[in-house]
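Student: I would like to learn how to read the features of a protein model, one at a time. Could we look at it together?

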Amino acid sequence: RGSTAENSTAEHMEFNVGEGGKWGLHMGGSLKQFDDVYSAGGIGKQLYTGYDEWAYDIRLDVALDANWTLTAVHQQLRQNDVWRTHATIYGRSWEGTTAGTDFRRSYDQERSLSYLRIEGQELNSFIDSASFTVSLQTANEYEHRVRPNGVNIDTSYGSVELSTLGFDLQFESQTPIGTLTYGMDYYHEWVNSGSVRVRDRPAPLSTQVTHAIQGAVGDDSTYDLLGLYIQDEIDIGDRLHLFFGGRYTHAMADVGRFQNPVTGLANSYSDAWNDFSASARILVDLDDKDQFKFFAGVSEGFRAPNLSDLSRLDIALSGELEVPATGLEPEQFVNFEVGLKTETKRFTGSAAYFYTLLDNMIVRRPTSTFVGVNRVVVKENAGDGFVNGFELAGTYRFDEHWSAFGQLTYTQGEVDQYPNATPLLRAEPLSKTVPLILYGGVRWQSTTTCRAWGELACLSYARADKLSSADRRDTQRIPPGGTPGFTLLTLRGGVDITKNISVTASLDNLLDEDFRYHGSGTNEPGIGATMGLTVRF
């Protein structure tokens, strides 16, 4: 795949081999190269927005017998030299945004996932199906930052290395009171986080090297999550389906070493939280052909403070310094939803509305303290509020060749926040809420052996002008008054040249719109072309 707007290329190869019903092996790998993005309007080329990426994955499935299957998977991905360009002097002002002051702020990032799963089906006992999974995930991030400090130049090298060991056990049983799905999961995370700061001082002073107490989060830390859950699906007749569920969660954080924001000394901290959350849902088939369905539900949510909430010491938004905050409590949520779904011979559609109550949400409070040019912000459980919205989606097929599709999404919300350094709360729009979004288009496809298709699609974002005080302070990413709306037109299509070779192509951003997504620090590409080639053998 190649694209002109950011002069990018992507190559992917995958290989599958096996014996039907006995075993199968999949192997795949990708290489991606992204050059600097060239945007429309006066922005033009945005320096240091390119990066490289590679990834690969391996999966082996083995049928142990007629009922049990063993699966082994490994996935790995790495991105090199990914800049937070908006935080540097290379950030471009757009619609009144400001540029950062760092000379460099780049990251190398790597993640992996390995798991082994044994799964049984049709076990002919009280337990109809069962699965057990053991997994190991890693997520590593390495930062290289260069910034001015008066007459000095400070260079820092930060790292966060996260490993997560997980166990998941799930069962399903058909019982007189319904279909029960139940089990438990447990995840243990451990984190190493550090930072080395090198201060280049003009002669005759010597270079200073400082090892920080922590990196972006607390060093030598662990986090544990234990969950026990059950869901019952009850069918009343052929048309009424009820779902009831519950989950018990135990979370425990142990921050081995973090920098106390008051004393500046190394401290440790630990805490634990417990919760039981329930849910109920109803699904009604409105006709005997299952073409129209009504659904509604209510569910509780729970999020315990994570290691970042408790111990983060890093830059947030546009130059705010977020410091560790111990003593935080969990966030609580209650969500209500209702909607309709339909699928007929020509039309497929859905309509849904949700309303979520927010309680004890963790929000940042700005202070009157500065470290250099960075304002210190602290976190508190002060955010009570709500978020609600709706979504309409549909596809209409005129005949076997032509169809039209569309989707409309709207979200809004308010939460108590601190507009300034005074300890006074005010209800404000939920930060970085997406604006009204409209997506639609028309599609044509052939029905011959040499399959071909094409579509013209339109994506339109309204102006994102419902801003919180934190949004207005985020001047490197959000323009004064909000992010302007935009409309994108895309013409794309493809053809199967043979049964083994297919080609796709698209003309992107046909209107050459100068735009960015709300909350992003860089603008998206202007008009460009993309071509892709797939070969199967």
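Student: Which residue in β27 does Asp496 stand opposite?

Tutor: Asp496 stands opposite Ser502 in β27. Before we go further, please note that this is a predicted model, in which local features need pLDDT of at least 70 and side-chain atom pairs count only at pLDDT 80 or more, while totals for chains, interfaces and linings use all residues. Residues are numbered from 1 along each chain as its sequence is written, and side-chain values use heavy atoms, with hydrogens and water left out.

Student: How many bridges join β26 to β27?

Tutor: Strands are DSSP runs (E, at least two residues), as helices are (H or I, at least four), numbered from the N terminus, and two strands pair if DSSP finds at least two bridges between them. Here β26 (residues 486–496) and β27 (residues 501–508) run antiparallel and are joined by six bridges, forming a hairpin with four residues between them. β27 also pairs with β28 (residues 528–535), again in the antiparallel sense, over eight bridges, and there Ile501 has Val535 as its bridge partner.

Student: What is Ala253 in contact with, leaving aside its neighbours within four places in sequence?

Tutor: Contact means heavy atoms within 4.5 Å, and for Ala253, with those neighbours left aside, the partners include Tyr223, Trp273, Leu307 and Leu310.

Student: Is Thr155 buried or exposed?

Tutor: Thr155, which is found in strand β10 (residues 152–175), counts as buried because its relative accessibility is 12%. Leaving aside neighbours within four places in sequence, Thr155 is in contact with residues including His144, Val146, Val196 and Asp200. By contrast, Phe347, in strand β20 (residues 347–371), is partly exposed, with a relative accessible area of 32%.

Definitions and conventions
Buried means under 20% relative accessible area, exposed over 50%, partly exposed in between (1.4 Å probe, protein chains only).
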